[in-house]
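Reader: Please take one part of this model, the packing of its side chains, and go through it closely, residue by residue where that helps. I would like the cut-offs behind each term as you go.

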Amino acid sequence: MKIVVFGLTISSSWGNGHATLWRGLCRALARQGHRVVFFERDVPYYAMNRDLHEIPGGALVLYDDWEAIRPRAKAEIADADAAMVTSYCPDGIAAADLLLDAPRATRVFYDLDTPVTLSRLHDRQAITYIGPRGLGDFDLVLSYTGGAALERLRQELGARRVEPLYGHVDPDQHRPVEPVPSYKSDLSYLGTYAADRQATLQRLLIEPARLRRNRRFVIGGAQYPPDFPWEPNIYFVQHLPPSEHPAFFSSSRLTLNVTRQAMAEMGWCPSGRLFEAAACGTPIVSDNWEGLDSFFEPGQEILIADTTQDAVDACELSDAELGRIAEASRERTLAEHTSARRAQQLEALIAGSGSSSRANGVTAMMEA
């Protein structure tokens, strides 16, 4: 199967979560005999932080101008089995117009940012990657977020078939490794700075650091502002490429997961970092949100923290208890949340939403 994707970025993991997810999915699809052609606009901030230059078994097409690359895009779609546009694709609307004319390919939209999309729709803000016709022309709409978000995509954007395609991890890339002294911590956090996560990060890491001066805390990520409220026992690691994530997590006695506000409010939206940490055998303490218990069992496979004291109590657990939780979450992740599992799900969803399904839908509408 050939899949053509018009996305935000796969070549740079700087400041975004799309790249790591796409890399794992593309590797898994390649192992299953499929080929992905990924179109990415070549913008300066990703070019300066590029940490991938080719897709195994596929092709990475970097371009500066949509009109200049349009003939190549049209040619790739012509013999594709599926063509996909993703959220935050800079040329999403133009790419959608192109693939919606494709007579052969299954036409897919993948929203990796569903809570943001729906929030902007509610506030009547511009959505630069979805055209005025909404999502009704696509054969299949995939959402990184499940739960009530799926029905809202149907009701508010006209999606006909909506299915969740959640985050995942490639265990060949994310696995337990030897700890690195500079990453060593009693509690760590890995994530790009986001203002809407700051209150939770303050409550679940910064305050615990203030209360437990004898413990070491580490934050890794990009875009942290100069006025960030550091404590003396909080150490900072500037942007870590995906290749360093296993060492970061493996050096953490416990790691914190904090969900973006819109995603936490909507629920059913597990971060890829959640699965990365679990695959590395690191116990996780997380903020709480609806649907979390469908991915990990609280108290058994993951710890939940609502208050500063909850986070402090998690740090005080014995090594044996944290090890038990880490082992259980790793087993659950390897069984249910790998890139290979998501690739299999994607393959089945595309197969069930192809041209024959489209033709049946048109016939049904004509008869109605």
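**Packing around one phenylalanine**

Author: Phe39 is in contact (heavy atoms within 4.5 Å) with Val4, Val5, Phe6, Gly7, Val61, Tyr63, Ile69, Arg72, Ala73 and Glu76, once its neighbours within four places in sequence are left aside. The model is a predicted one, in which local features need pLDDT of at least 70 and side-chain atom pairs count only at pLDDT 80 or more, while totals for chains, interfaces and linings use all residues. Numbering runs from 1 along each chain as its sequence is written, and side-chain values use heavy atoms, with hydrogens and water left out.

Phe39 also belongs to the largest nonpolar core, which has 37 residues, and together with Phe6 and Leu135 it touches the most other members. Such a core is a set of buried Ala, Val, Leu, Ile, Met, Phe, Trp, Tyr and Cys residues joined through side-chain atoms within 4.5 Å, where buried means under 20% relative accessible area, exposed over 50% and partly exposed in between, with a 1.4 Å probe and protein chains only. Two or more residues of this core come from each of β1 (2-6), β2 (35-41), β3 (59-63), α3 (66-78), β4 (82-86), α4 (92-99) and α6 (148-157); these are DSSP runs numbered from the N terminus, helices (H or I) of at least four residues and strands (E) of at least two. Another core, of 29 residues, lies apart from it and has Val5, Ala82, Leu140 and Ala343 among its members.

Turning to the rings, the structure holds 23 aromatic pairs, a pair being rings of Phe, Tyr and Trp (its six-membered ring) with centres within 6.5 Å, stacked if the planes are under 30 degrees apart, edge-to-face if over 60 and tilted otherwise. Tyr224 and Trp230 form a tilted pair, because their planes stand at 40° with the ring centres 6.2 Å apart. Tyr224 has 14% relative accessibility and so counts as buried, whereas Trp230, at 31%, is partly exposed. One aromatic cluster is made up of Tyr166, Trp268, Phe275, Trp289, Phe295 and Phe296.

Glu297 is partly exposed at a relative accessible area of 44%, and it touches Ile302 and Arg332, not counting residues up to four places away in sequence. Its C-alpha atom is separated by 9.2 Å from that of Ala328, which is 31 residues away along the chain.
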